[in-house]
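Dear colleague,

I am handing over the structure we spoke about, and I would be glad if you could look it over with the notes below beside you.

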Amino acid sequence: MLLHLPVREVLPFVGDGTAEAVDDHTCTLTAGSWSWGALAASFGRFEAAMEVIDPPELAEAFAALAARYAAASPARGTGPSGPAAVSGAP
């Protein structure tokens, strides 16, 4: 994963992954997870522009999450609303 953040901002949160500087404003982050979707969601915590370097399954997981999040957005008028939607309760 290529993150458009300085490595110093990423290192405190990599856990058992690795982060390496590309330049002063960009770094690579390598991590693992029990599923591609969980890994994609974990990268979202950085709230920064990012690019999937490899593998294609991770890019597919980002696309699936993007569609799921867009469908859940009240701004689109298609997602659930109310306390259950906010708390994650069924």
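Predicted model: local features only at pLDDT ≥ 70, side-chain atom pairs only at ≥ 80, totals over all residues.

The protein chain has four helices and four strands, and, read from the N terminus on, its elements run β-α-β-β-α-β-α-α. Of the 90 residues in the protein chain, 23% are buried, while the accessible surface comes to about 6,000 Å², with 59% of that area belonging to carbon and sulfur atoms. Among the contacts between residues at least 6 apart in sequence, 39% join residues that are at least 24 apart.

The strands form an open sheet of four with the order β2-β3-β1-β4, and the pairing is antiparallel. Its edge strands are β2 and β4 (50-51), each of which pairs on one side only. In general, the strands of a sheet pair through backbone hydrogen bonds, in either a parallel or an antiparallel sense. Here, strand β2 (residues 18-23) pairs with β3 in the antiparallel sense over five bridges, and a hairpin of two residues joins β2 to β3; within this pairing, glutamate 20 stands opposite threonine 28 in β3. Strand β1 (residues 2-3) also pairs with β3 in the antiparallel sense, over two bridges, and leucine 3 stands opposite cysteine 27 in β3.

Threonine 26 is found in strand β3. Is threonine 26 buried or exposed? Since its relative accessible area is 9%, and a residue counts as buried under 20%, threonine 26 is buried. Leaving aside residues up to four places away in sequence, threonine 26 touches Leu2, Leu3, His4, Leu5, Pro6 and Ala21, of which Leu2 and Leu3 are the residues of strand β1 and Ala21 falls within strand β2.

Serine 35 lies in the loop between β3 (26-30) and α2 (36-43). The C-alpha atoms of serine 35 and leucine 58, which are 23 residues apart along the chain, are separated by 9.3 Å.

Conventions:
Residues numbered from 1 in each chain as written. Heavy atoms only, no water. Buried < 20%, exposed > 50% of the residue type's maximum accessible area, 1.4 Å probe, protein only. Contact = heavy atoms within 4.5 Å. Areas by Shrake-Rupley, 256 points an atom, 1.4 Å probe, with all protein chains shown as cover. Pairing = 2+ DSSP bridges.
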